[in-house]
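Please look over the sequence and the 3D structure shown here. A short report follows them.

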Amino acid sequence: MPGLITHFEIYGDAPDTLAEFYREVLGWTLNRAEGVDYWRIQLEAGAAGNTSGGVTYRPALPIKGWLQYVQVGSVDDVLATAERLGGRVVRERTAVPRTAWYAVIADPEDNVFAIWQPDAKAMPLPEPD
Amino acid sequence: MYYTPDSILPENMAPLIITAAPYGPEWLPGDADIPVSWDEQVQAAVDCYNAGATMLHVHVRDPATGHGSVDFEQFNYFLGRLRQAVPKMILQVGGSISFAPKSADAKAKWLDYDTRHMLTELDPKPDCVTVAVGTTQWDVVSIMTPDDIVGTHLENNPKVQAAWAGMWVDAGPAFYLEHLKRLRAHRIMPYFVPGHIHQWELIENLIRAGVYMGPLNMAIAGYGGGTLGRNPYDWMNFLQRVPQGASSVTFWSSMRGLIPLSAMSIVLGQHVRVGNEDNLWGVDKTRRTSVQQIEGAVRLCREFGRKVATAEEARAIMKIGTWYDSVDETLHNLGLPPNRTEGQTGFLLWETDGKKGVAKTGGDSHPMAYCMVAPPVPQTA
């Protein structure tokens, strides 16, 4: 539903070690997804306010702290609105294959968050190698 | 290559090696039968093998991003799954990969060519890695017609077309000399992909210099736009320059042009590569999946009377795992003349013991050998 937080991500240069940190500190279950650098955080199923998350390598973005993803109806529209109101695009519209489009925004006070538009057909354009 | 009169009889040809290229890195899933998840990518290999392909041209798509993977660990992971799923298949990794380290700091420290040389350190090892020798413009779009891209993301998208039109392959000596050295050290065979005769000349020079000492497996890469185009005379001209002892030559081309060129290749005793990386279409201008293209190559080959190689035969034909220890041994096995020795004049031949060879009983088409044997003296009563 638009406006709700869908999930969050935590970044580091050694995400496997970081995953262990959160296992110990918060008692979370984190399992690496097969074949990719993503440690899924499995919170208690069905718990109130349950929001899933993941730990992965830090992207080449000025992000410190957890990154919250907020569902939107249209990434393009929200990016335009955010820029008009003094926000800054940190990462352009990007695909998570067959799942969603997302983008990262800094608000006028430089707080960073992500927006998330579910789309089962999302796929990035191939690039010449 | 030199064709004797019986060379083009299908029963005398080596069985056909079909390379499958089902990972189409230039396409989106909506464009063609593109596998994305790990399971889909593995299943594509299984399906191609079951359809008759014995060599797999491997690209890796990162299922988390949808882009071509630049993650060394993902390549190893995928190769491991392929070795389990299609253990007999010859795995040929596409060589145009620059691996990226995981963190931004490390990325800044990496040297460009080192990220490409990491292909030689893949574990499990692939059987071959494609090696471009000679920097080349590789404008794959220039030879395409509007029909070729109907229904793909390239249709009516000049910006994306221009990006592909501007593709070029960086493969100067600073890259390939070191790369070939490392491939040998790791016992991974190079699979050469010359785009025209003059790149074959570079490869021959590398062989004569001892930079590469092993069997010769190569594609003739004809995608136009800086590489060979579709003029059959050019293909024949190239084939004429290929040494007699080359283990395998595979015709690579694109879109519907690939179909007649594959037919040419099959009847000339050479080998084919099919799949969505090269072509999306059948002769009737309707879509063909990678598996359907393999089935088509199998049908055509059998119709002509040539055998399709089993995986074991394909490995034997390509001499997978064989290496030579000297320049002379390599030249001899490849059917190339020896290197010139100091002061030697004239055209180059291998030295012999000077004895006349035994006349062949057939096969070289020339009856002179028989004529030179004196007929038996008639017995008189």
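## Confidence

This is a predicted model. It scores ipTM 0.83 and pTM 0.89. In chain B the mean pLDDT is 91, and 91% of the residues reach 70 or more. One stretch of chain B stands apart: over residues 359–373, pLDDT stays under 50. For that stretch the model has 8 contacts beyond four places in sequence.

## The sheet of chain A

Chain A holds an open sheet of 8 strands. The order is S2-S3-S4-S1-S5-S8-S7-S6, and the pairing is mixed. Strands S2 (29–32) and S6 (88–96) of chain A stand at the edges. Each has a single partner strand, so one side of each is left without a neighbour in the sheet. From one strand to the next, the twist averages 25 degrees.

Several pairs can be followed in detail. Strand S1 (residues 5–12) of chain A runs parallel to strand S4 (residues 52–57) of chain A, and 6 bridges join them. Here Glu9(A) stands opposite Gly54(A) in S4(A). Strand S5 (residues 67–71) of chain A pairs with S8(A), also in the parallel sense, over 3 bridges. The bridge partner of Val70(A) in S8(A) is Ile115(A).

## The hairpin and its surroundings

S7(A) and S8(A) pair in the antiparallel sense, over 7 bridges. They form a hairpin with 5 residues between them. In the turn, Asp110(A) has a positive phi of about 70 degrees. Val104(A) has Ala114(A) in S8(A) as its bridge partner.

Is Ala114(A) buried or exposed? Ala114(A) has 23 other C-beta atoms within 10 Å, so it counts as buried. The residue lies in strand S8 of chain A. Leaving aside residues up to four places away in sequence, Ala114(A) touches Leu67(A), Gln68(A), Tyr69(A), Tyr102(A), Ala103(A) and Val104(A). Val36(A) is 78 residues from Ala114(A) along the chain, and their C-alpha atoms are separated by 21 Å.

The loop between S6 and S7 of chain A holds Arg98(A). Phi of Arg98(A) is near 55 degrees, a positive value in a residue other than glycine. Arg98(A) is partly exposed, because 15 other C-beta atoms lie within 10 Å.

## Helices on the sheet of chain A

Helix H1 (residues 15–26) of chain A lies across S1, S2, strand S3 (38–42) and S4 of chain A. H1(A) runs at about 145 degrees to S4(A). What span should the 12 residues of H1(A) have at 1.5 Å a residue? They should span 16 Å, and the end C-alpha atoms of H1(A) are 16 Å apart, which agrees. Just after H1(A) comes Gly27(A), with a positive phi of about 75 degrees.

Helix H2 (residues 75–84) of chain A lies across S6, strand S7 (100–106) and strand S8 (112–118) of chain A. H2(A) runs at about 10 degrees to S7(A).

## Where the chains meet

The two chains touch through 18 residues of chain A and 24 residues of chain B. On the side of chain A that touches chain B, 11 residues are nonpolar, 1 is polar and 6 are charged.

## Helix H10 of chain B

Helix H10 of chain B covers residues 290–304. At 1.5 Å a residue, its 15 residues should span 21 Å. The end C-alpha atoms of H10(B) are 21 Å apart, which agrees. Gly305(B) follows H10(B), and its phi is positive, near 100 degrees.

Which residues of H10(B) are buried? They are Ser290(B), Val291(B), Gln293(B), Ile294(B), Gly296(B), Ala297(B) and Cys301(B). An α-helix has 3.6 residues a turn, so residues three or four places apart point the same way. The buried residues of H10(B) pack against strand S1 (18–20), helix H1 (38–51), helix H9 (258–267) and strand S10 (271–274) of chain B.

## Loops of chain B

Lys285(B) is found in the loop between S10 and H10 of chain B. Phi of Lys285(B) is near 65 degrees, a positive value in a residue other than glycine. Lys285(B) counts as exposed, because it has 10 C-beta neighbours inside 10 Å.

Another loop joins helix H4 (112–117) and strand S4 (128–131) of chain B, and Pro124(B) has its place there. The peptide bond from Asp123(B) to Pro124(B) is cis, with omega near 5 degrees.

Technical notes
Residues numbered from 1 in each chain as written. Chains lettered and ligands numbered in written order. Predicted model: local features only at pLDDT ≥ 70, side-chain atom pairs only at ≥ 80, totals over all residues. Helix = DSSP H or I, 4+ residues; strand = E, 2+ residues; numbered from the N terminus. Expected span 1.5 Å × (residues − 1). Buried ≥ 20, exposed ≤ 12 C-beta atoms within 10 Å, placed from the backbone. Contact = placed C-beta atoms within 7 Å. Pairing = 2+ DSSP bridges. Axes fitted to C-alpha atoms, helices over the stretch in contact; angles between N-to-C directions. Nonpolar A, V, L, I, M, F, W, Y, C, P; charged D, E, K, R; others polar. pLDDT = per-residue confidence, 0-100.
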